[in-house]
Amino acid sequence: MMIYSIKLLKKTSEADFESFFFNEIMPKVDKGQRRDGKVTSLVLLKGNNTGHTNQYLWLVSGTVNGGAANKMVDKIAAFGAKVVPMIDYVEVAGWHAETQAK
């Protein structure tokens with residue numbers, strides 16, 4: 001899973017950015033099989049603490065080092081955000097309530 005840190009510039013509206021991301025970024029990321037993997041999920045997380053709601057994490061699963069999602073970084077930055085690709089992560093442990101036996 002590749003993780004990108006995104007911080008909006010002061011002039012950029014959170015609502016406008018979220019709409020842009022949902023309508024212009026997520027649908028346009030190539031989800032076909034490529035040499036660097038196949039995107040299997042895209043998740044945008046928003047900071048939930050006061051003073052940090054203009055910060056986001058973009059999670060891209062199924063690729064090596066972001067794969068096709070990397071082509072969207074310049075478009076996100078042009079909208080009014082600082083985008084920093086972090087490193088590629090692999091899940092080694094997890095717990096999910098919905099997968100536990102009842």
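## Chatting through the sheet, its helices and its rings

Me: Which residues does Ile 6 touch, leaving out those up to four places away in sequence?
Reply: Ile 6 touches Phe 17, Phe 21, Leu 44, Asn 54, Gln 55, Tyr 56, Trp 58, Ile 76, Ala 81, Lys 82 and Val 83. Contact here means heavy atoms within 4.5 Å.

Me: What kind of model is this?
Reply: This is a predicted model, where local features need pLDDT of at least 70 and side-chain atom pairs count only at pLDDT 80 or more, while totals for chains, interfaces and linings use all residues. Residues are numbered from 1 along each chain as its sequence is written, and side-chain values use heavy atoms, with hydrogens and water left out.

Me: Thanks! Back to Ile 6: which residue is its bridge partner in β3?
Reply: The partner of Ile 6 in β3 is Tyr 56. Strands are DSSP runs of E with at least two residues, helices are runs of H or I with at least four, and both are numbered from the N terminus.

Me: How many bridges join β1 to β3?
Reply: There are 6 bridges between β1 and β3, and the two strands run antiparallel. β1 also pairs with β4 in the antiparallel sense, again over 6 bridges. Two strands count as paired if DSSP finds at least two bridges between them.

Me: In what order do the strands form the sheet?
Reply: The 4 strands make an open, antiparallel sheet in the order β2-β3-β1-β4. β2 (37–46) and β4 (81–88) stand at the edges with a single partner strand each, so one side of each has no neighbour in the sheet. From one strand to the next, the twist averages 20°.

Me: How many bridges are there between β2 and β3?
Reply: 7 bridges join β2 to β3, which run antiparallel. Within β3, Leu 59 stands opposite Val 43.

Me: Where does α1 lie?
Reply: α1 lies across β1 (2–8), β2, β3 and β4, and runs at about 15° to β3. α2 packs on the sheet too, touching β1, β3 and β4, and its direction makes about 150° with that of β4. For these angles, axes are lines fitted to C-alpha atoms (for helices, over the stretch in contact), and the values run from 0 to 180 degrees between N-to-C directions.

Me: New topic: how many aromatic pairs are there?
Reply: The structure holds 7 aromatic pairs. The ring centres of Phe 17 and Tyr 56 are 5.1 Å apart with their planes at 50°, so that pair is tilted. Rings of Phe, Tyr and Trp (its six-membered ring) pair if their centres lie within 6.5 Å, and planes under 30 degrees apart count as stacked, over 60 as edge-to-face and the rest as tilted.

Me: Why does the pair of Phe 17 and Tyr 56 tie together parts that are apart in sequence?
Reply: Phe 17 is in helix α1 (residues 14–25) and Tyr 56 is in strand β3 (residues 55–63), so the pair ties together parts that are 39 residues apart in sequence. Phe 17 also pairs with Phe 79, with ring centres 6.1 Å apart and planes at 50°, so this pair is tilted. That link reaches from helix α1 to Phe 79 in helix α2 (residues 73–80), 62 residues apart.

Me: Is Phe 17 buried or exposed?
Reply: Phe 17 is buried, with a relative accessible area of 0%. Phe 79, at 30%, is partly exposed. Buried means under 20% relative accessible area, exposed means over 50%, and partly exposed is in between (1.4 Å probe, protein chains only).

Me: How many residues are in the largest nonpolar core?
Reply: The largest nonpolar core has 22 residues, and those with the most contacts inside it are Ile 6, Phe 17, Val 29, Trp 58 and Ile 76. The elements giving two or more residues to this core are β1, α1, β2, β3, α2 and β4. Such a core is a set of buried Ala, Val, Leu, Ile, Met, Phe, Trp, Tyr and Cys residues joined through side-chain atoms within 4.5 Å.

Me: How many residues of β1 are buried?
Reply: In β1, 5 of the 7 residues are buried, so the strand is largely enclosed by the rest of the structure.

Me: Last one: what does the side chain of Thr 63 reach?
Reply: The side chain of Thr 63 reaches the backbone nitrogen of Gly 66 at 3.3 Å. Thr 63 is found in strand β3, and at 7% relative accessibility it counts as buried.

Conventions:
A polar contact is a pair of N or O atoms within 3.5 Å; within protein, one must be able to donate a hydrogen and the other to accept it, and residues adjacent in sequence count only if both atoms are side-chain atoms.
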